[in-house]
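Please look at the structure shown here before reading the report.

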Amino acid sequence: MFKRKKFKYTELSPRDRIRKLIEEFVEPEMTKLGFKLLKSELTFKRKIGEFTQEIHFSKNRWNFGNTVVSFWIILSVKSNFYVKWHEKTYGFKPMNEFVDSWYDNDIKTWNSKFWDGGHYDLTKFDNVKLMTDLTKNILNIGVPILNKISDWESAADYLFKEERWIHAAKIFDFYIISNQPRKAIETQTLIEKYFKELDIKDVPKERFEEIQIRKDYLQQYL
């Protein structure tokens with residue numbers, strides 16, 4: 001005999017249903033780790049030193065009744081310290097306060113049989129099994145990734161290893177903040193060489209401008 005799928009809180013609106021399940025399954029575990037679920041949005045937030053870690057549940061704009069109730073996860077690490085450091089060091093603020101961010105379906109190890117086109121849909125899968133699986137992914141994969149880049153040198157190492165060249169300026173800055181000028185110089189040189197080997201049309205001029213600013217800054221270390 002096949003067991004019937006268990007669907008919970010079907011009388012609620014999609015937004016309230018998602019929040020109710022998050023409060024029941026995810027929040028107790030996240031609270032133990034010092035995360036707080038915001039009242040204003042479906043986001044867990046935790047401050048770690050100079051970093052703010054966030055896990056956001058993004059709702060599908062097409063959610064409707066019990067026809068579609070889907071969402072996905074966005075993980076991010078931000079730093080207001082970096083914004084202030086950047087402004088003090090270069091005289092202007094960075095483009096944003098992000099150290100890095102990811103969608104759950106962009107994380108290779110974040111595999112789930114409860115995905116439906118990269119989303120979690122509460123109308124298609126047993127809600128208890130789905131939320132249990134999701135909680136495990138957040139705890140075993142999501143939080144460790146957030147912790148990994150909540151350290152300046154580790155964050156720079158991660159961005160460089162993953163070849164996130166669009167963040168070349170941040171890689172340099174994070175090494176400088178962590179007092180690793182040698183790594184800052186070496187990685188910046190390699191990334192600039194890589195950009196120059198590409199068709200110039202494929203690289204936004206802002207990347208070269210950012211590199212030049214860092215090269216000027218590097219003079220004090222040469």
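The report below describes a predicted model, starting with a helix and moving on to charged pairs.

## Helix H6

Helix H6 covers residues 181-197, 17 residues in total. From the first C-alpha to the last, H6 reaches 24 Å, close to the 24 Å expected at 1.5 Å a residue.

The buried residues of H6 are Ala-184, Thr-187, Gln-188, Ile-191, Glu-192 and Phe-195. They lie on the same side of H6, because they cover an arc of only 135° around the axis. An α-helix has 3.6 residues a turn, so residues three or four places apart point the same way. On the face turned away from the buried side, H6 carries the exposed residues Arg-182, Leu-190, Lys-196 and Glu-197.

The structure holds 14 salt bridges. One of them is formed by Arg-214 and Asp-173, with the closest N and O atoms 2.7 Å apart. Arg-214 lies in helix H7 and Asp-173 in helix H5, so this pair ties together parts that are 41 residues apart in sequence. Arg-214 is buried at 2% relative accessibility, and Asp-173 is buried at 0%.

Lys-215 and Glu-192 also meet in a salt bridge, at 3.3 Å from N to O. Lys-215 belongs to H7 and Glu-192 to H6, so the pair ties together parts 23 residues apart in sequence. Lys-215 is partly exposed at 31% relative accessibility, whereas Glu-192 is buried at 14%.

## Other salt bridges

Asp-116 and Lys-124 form a salt bridge of 2.9 Å, N to O. Asp-116 is partly exposed at 31%, and Lys-124 is partly exposed at 40%. Lys-45, Glu-54 and Lys-78 are linked in a network of salt bridges.

Note on methods:
Residues are numbered from 1 along each chain as its sequence is written. This is a predicted model: local features need pLDDT of at least 70, side-chain atom pairs count only at pLDDT 80 or more; totals for chains, interfaces and linings use all residues. Side-chain values use heavy atoms; hydrogens and water are left out. Helices (H or I, at least four residues) and strands (E, at least two) are DSSP runs, numbered from the N terminus. The expected span of a helix is 1.5 Å times one less than its number of residues. Buried means under 20% relative accessible area, exposed over 50%, partly exposed in between (1.4 Å probe, protein chains only). The arc is that of the directions from the helix axis to the C-beta atoms. A salt bridge is a side-chain nitrogen of Lys or Arg within 4 Å of a carboxyl oxygen of Asp or Glu.
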